[in-house]
Amino acid sequence: MISVSLISLLAYFLCVPLTAIMILWLYDDEKRYSKKAVPTQKTMCECDICLFHFTADKEEVFVRCPQCGNLMERKGAKH
Ligand SMILES: [Zn+2]
């Protein structure tokens with residue numbers, strides 16, 4: 001008879017699926033994160049008046065706050 005103890009057999013049957021699940025999990029996580037990092041033309045802006053945060057196009061020099069309607073110059077805008 002082959003001398004394989006019950007413990008090592010159990011350990012084998014537990015470790016193989018667990019490793020497979022972990023590899024799939026890590027692969028899925030990486031896929032999700034790479035999907036998140038999408039290059040965008042948008043940038044974050046903060047309103048001077050109501051401190052509301054919103055996104056605006058990088059090309060725009062003047063942006064209007066969607067919360068209070070204040071027209072302001074976008075910070076970091078190229079002149
Ligand atoms: Zn505002």
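**View 1. The hairpin of strands E1 and E2.** In this predicted model, E1 and E2 make a hairpin, with 6 residues between the two strands. Strand E1 covers residues 42-46 and strand E2 covers residues 53-57. The two strands run antiparallel and are joined by 5 bridges.

View 2. The phi of Leu51 is near 60 degrees, a positive value in a residue that is not glycine. Is Leu51 buried or exposed? Leu51 counts as exposed because 10 other C-beta atoms lie within 10 Å, and the cut-off for exposed is 12 or fewer.

View 3. Lys42 belongs to strand E1. Which residues does Lys42 contact, once its neighbours within four places in sequence are left aside? They are Thr55, Ala56, Asp57 and Lys58. For one of these, Ala56, the C-alpha atom is separated from that of Lys42 by 5.3 Å, although the two residues are 14 residues apart along the chain. Lys42 is also exposed, since 10 other C-beta atoms are found within 10 Å.

**View 4. Confidence along the protein chain.** The average pLDDT of the protein chain is 85, and 87% of the residues score at least 70. Among the chain's elements, strand E3 (residues 62-64) has the highest mean pLDDT, at 93. The lowest mean, 85, belongs to helix H1 (residues 6-36).

Methods. Residues are numbered from 1 along each chain as its sequence is written. This is a predicted model: local features need pLDDT of at least 70, side-chain atom pairs count only at pLDDT 80 or more; totals for chains, interfaces and linings use all residues. Two strands pair if DSSP finds at least two bridges between them. Helices (H or I, at least four residues) and strands (E, at least two) are DSSP runs, numbered from the N terminus. pLDDT is the predictor's confidence in each residue, from 0 to 100. A residue is buried if 20 or more other C-beta atoms lie within 10 Å of its own, exposed if 12 or fewer, and partly exposed in between; C-beta atoms are placed from the backbone. Two residues are in contact if their C-beta atoms, placed from the backbone, lie within 7 Å.
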